[in-house]
Amino acid sequence: MEFADLRPIEPITREHDRKAFTSGVKNLDSYLRDRAISDTEKNLSRVFVLTLKEKPNTIVGYYSLSSLQIPTDRLPEALSKKLNYKIVGTTLLGKLAVGEEWQREKCKLKLGEHLLLHAMLSTWIAAQSVASWALVVDVLAAEKGDPTDFYVKKGFLAFQDNAARLFLPMSTIEDVLRKADLIGTIR
Ligand SMILES: CC(C)(COP(=O)(O)OP(=O)(O)OC[C@H]1O[C@@H](n2cnc3c(N)ncnc32)[C@H](O)[C@@H]1OP(=O)(O)O)[C@@H](O)C(=O)NCCC(=O)NCCS
């Protein structure tokens, strides 16, 4: 498979085949099947899917975003000192998964990374209207092993009291997107 075989990442609709998606992690598959549409309709989450050009209903991967308030005293001290608020608004990357047949062992396109970069771009664009201090993810170490390094490679850092909760400051997201030529130098 090539990138040319994929459609641009788009918001989920009822047309997408949610039942056929298998990432190997039950929680991520059942969320897509049972809750992604209703959460979207209730304005609780936004869910984005990567699909195939030839079979536009086939979900290759997906991610979800919502908002999350975090206590700043759980951040590394050097960062929390600068914030001057006890709680700040962030964006939660609630789910991110690639279907088993397209994961890194079987596909060289790095589709997890592709989805993560798109999630960063969506987060950054939304944050130009409603500020968000960071993108936060609760790493799901499950049947498929521990994907912490997948996020750490992109610059995510751990909260002080919870190694499974990672964050990527918006300032870092902006750098990553600029280096990837996804946003310009002047806003
Ligand atoms: C984790 C997941 C999204 C990664 O997507 P992928 O397409 O398989 O991985 P990519 O090819 O994009 O990997 C990008 C980089 O992260 C690394 N990586 C990916 N998954 C990893 C893992 N589980 N552990 C350690 N490193 C990982 C890759 O080796 C690669 O490193 P490189 O740039 O040095 O070559 C995907 O494997 C998946 O959906 N897994 C099951 C569900 C899951 O665990 N989701 C995360 C929930 S928090």
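Author: In this predicted model, the buried residues of α3 are Leu111, Gly112, Leu115, Leu116, Ala119, Met120, Thr123 and Trp124. The cover over these buried residues includes the strands β2 (46–51), β3 (59–71), β4 and β5 (134–138), together with the helices α4 and α5 (170–179).

The length of α3 can be checked against its residue count. At 1.5 Å a residue, its 17 residues should span 24 Å, and the end C-alpha atoms of α3 are 24 Å apart, so the two agree.

α3 also takes part in the ligand site. α3 (111–127), β4 (87–98) and α4 (148–152) each supply at least two residues of the shell around the ligand. That shell has 22 residues, of which Gln103, Arg104, Lys110, Gly112 and Asp149 come nearest to the ligand. Gly112 is also one of the buried residues of α3. By class, the shell holds 11 nonpolar, 5 polar and 6 charged residues.

As for the rest of the chain, the protein has 5 helices and 7 strands, arranged along the sequence as β-α-β-β-α-β-α-β-α-β-β-α. Its radius of gyration is 17 Å, close to the 16 Å that the globule rule gives for 187 residues, so the chain is as compact as a globular protein of that length. The C-alpha trace spans about 50 × 40 × 35 Å along its principal axes. Of the 187 residues, 28% count as buried. Among contacts between residues at least 6 apart in sequence, 65% join residues at least 24 apart.

Technical notes
Residues are numbered from 1 along each chain as its sequence is written. This is a predicted model: local features need pLDDT of at least 70, side-chain atom pairs count only at pLDDT 80 or more; totals for chains, interfaces and linings use all residues. A residue is near a molecule or strand if its C-beta atom, placed from the backbone, lies within 6 Å of it. Helices (H or I, at least four residues) and strands (E, at least two) are DSSP runs, numbered from the N terminus. Ala, Val, Leu, Ile, Met, Phe, Trp, Tyr, Cys and Pro count as nonpolar, Asp, Glu, Lys and Arg as charged, and the others, Gly among them, as polar. The radius of gyration is taken over C-alpha atoms; the globule rule is 2.2 Å times the number of residues to the power 0.38. A residue is buried if 20 or more other C-beta atoms lie within 10 Å of its own, exposed if 12 or fewer, and partly exposed in between; C-beta atoms are placed from the backbone. Two residues are in contact if their C-beta atoms, placed from the backbone, lie within 7 Å. The expected span of a helix is 1.5 Å times one less than its number of residues.
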